[in-house]
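Work through the exercises below with the sequence and the model side by side, and try each task before reading its solution.

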Amino acid sequence: MAVLNKIRQRSVFLIVIIALALFSFVLADVIRNSGFSKNQSTIGVVNGNEISREDFARQVEAVQRNAQGNVTTAQAVNRVWDNKLRETLLDEQLEELEIEVGQGQINNVLKQQFAGNQNFTNEAGMFDFGVMREYVANLKATSPEAYQQWLAVEESAAKQAKAGIYYNMVRAGVGATLIEGEQVYKMENDNIDLNFVKIPYESVGEVEVSKDEIKSYLKDHKDKYEVDASRDIQYVFFEEKASTSDDADTKAGLEKLMKDREEYNEVSQANEKLDGFSKTSNNEEFVNEFSDLPYEERFTFKDELKGENADQIFNLSEGQTFGPYKEGGFWKVTKVTGVKQMTDSIKANHILIAHKDSPVGSELDRTKEEAKKLADSILTQVKSNDSLFASLAKDYSADTTSKDKGGDLGWVDYRNTTSSPFIDYIFDANSGKYGMVDTEYGYHVVFIEEVKSPKKAVKMVSLGKEIEPSEKTTNDLFATTTKFEIAAGKKDFDEVAKESGYEVRPVKGIKAMEEALRGIGNQRRIVQWAFKEETSTGDISRFDLNNGYVVAQLTAKNKKGLMSVEEASPQVTPLIRKEKQAKMIKDKISGSTLSEIASSQNASVENASSVNLGSPVLPGATSEPKVVGAAFFLEKGKVSRPIAGEKGVYVVEVTNRTEAAPLNSYRMIAARKTKERSAQATSRLVEALKSSAEVEDNRAAFY
């Protein structure tokens, strides 16, 4: 009772506390949902300009639809992002510069865009602005929705015209002056001859580079080694593949299909004996019912057969079989169904007479019967005078690829053809020099001009069974994968893998929008998992692949900023080592002449002639721009200080200097340089805008 009384006395206080708690809970939820809603609707922000997720998704779908499955979702997302980033930055520049365009400039863009559109051409087949205006006026009167779409097209054309002006302004500012033209000329044509001593970096041996030295180097070169956020993972791949038992079972099943088969007949309650593959007369039906390989039965020449069994198969007689044999992941049996001598190449000509019911004759009024009469008439003419064939082909043939060549198909190689009435006819030894073939495209009038000597060919058909993992094998693999996943979660990932003999594959520096992982191809789900906020370093997860499983562990979460020492080491270590080696070499160089220096360093004096700044290459070395550049500022006969180059430390002496004869004008060279810069201006401009922009990229949260 005492407790109840105390609660009653403090009831107002408790109500206030509860109310405040509920309010704070609701407020926090509102704030959280407000931020979540904004993030859900925005794919990114560029200099404060939001990129709509809905619009972005539509463009990604359009890219994938137009590519017809040739790009992955991640590739489409990256492509659209680059376009949106460029578009947003460009819009910002156009707005800031207040560039305006007139209707004439917009019309020029529209003319380029719709030059081949029949809706805007006049009777002469030329683009006509009057026709275009009439078309737009009709849209406005009959279809408000289509008219709004047209206004969007005009707006896009206006933006394109503004962009053209902007790019031209930039290009105008990157041209080369006549003085620059003269400098380029002198760089390419002023030459020096020099003697030099080269002391290779390797001469002082291997030099250790510490982590502290790498760390210090990174701090001194921050701009060069800034990186985006990344993740490091390691994984074990469990491949789903057929076992030895699966292989044997597949072979046994194929052997069974070769023999006579007994099938239970429910109607007669009796066993009916059926022919196996070796005896069946209906190869197509048998292969279509029992084979994992598509039915294909055509003549093959010896040079087309590959593999260790090629000779044995080619030498079979008609009706004989070979196999089972293993090839390309299948157990196969091959049966020879025909052997004959036939040509492999024919020089042929044809005239295709199409009709209104054929795929290439939809615009014709000619019936099939009329087409046959015309083909008969042409055949009669060419039989009496084959010199008429070319002119008749140009007048009557519906084959646009060969009619202008007089119907000439050139040499037709049987190996590069597929079976069809036309191909079967021209390669039939019984066909005459002239003939006619009825196909779905119309009637072909054929003139066989030349035939190569016949050779042996065999007709074959193959029955194949794919060697696939059985249900037991698949279940065993799942159990093995799960066992490893559980064990790796309790112990050290590497140790568990080592105990079981599994290969651990590390992948470092994975970026948020990447999808390709070394060894397992495109695995976007694994990358998404690695970048989730709730995924912590050391976490393990299993992923189903088309051909097995991956058990992955997140090993590092690298923040955006300066590279880690470990990440930068492969790039930075050689640079620091070269600096240290250069200092060691410089410290021990002695002597005032090249001969003395060469003698002290166990090196030799070498020479180079006609060296210029345009191509600063020294004998026995790659490009050495620092060395050649320093040499050009030396007085003739003076020995330089040691110069750290690409391949070693150099000491040089200029022996001769040849200045190119001055030109009357450097305008052509300046124009060439201007053209080179202009060609690169747009791409460099975009990169400059990107590097200076403030970009918030949320793509990884949605894709």
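**Exercise 1.** In which helix does E182 lie?

*Solution.* The model is a predicted one, in which local features need pLDDT of at least 70 and side-chain atom pairs count only at pLDDT 80 or more, while totals for chains, interfaces and linings use all residues. Residues are numbered from 1 along each chain as its sequence is written, and side-chain values use heavy atoms, with hydrogens and water left out. E182 belongs to helix α8, residues 178–189, where helices (H or I, at least four residues) and strands (E, at least two) are DSSP runs numbered from the N terminus. In space, the C-alpha of E182 is 8.5 Å from that of P662, although 480 residues separate them in sequence.

**Exercise 2.** Find the salt-bridge partner of R672 and state how far apart the two are in sequence.

*Solution.* A salt bridge requires a side-chain nitrogen of Lys or Arg within 4 Å of a carboxyl oxygen of Asp or Glu. R672 forms one with E188, their closest N and O atoms being 3.4 Å apart. Because R672 lies in helix α22 and E188 in helix α8, the pair ties together parts that are 484 residues apart in sequence.

**Exercise 3.** Is D247 buried or exposed?

*Solution.* Begin with its contact: D247 and K326 meet through their side chains in a salt bridge of 2.8 Å, N to O. D247 sits in helix α10 (residues 244–258) and K326 in strand β9 (residues 321–327), 79 residues apart. D247 counts as buried because its relative accessibility is 16%, the limits being under 20% for buried, over 50% for exposed and partly exposed in between, with a 1.4 Å probe and protein chains only. K326, at 47%, counts as partly exposed.
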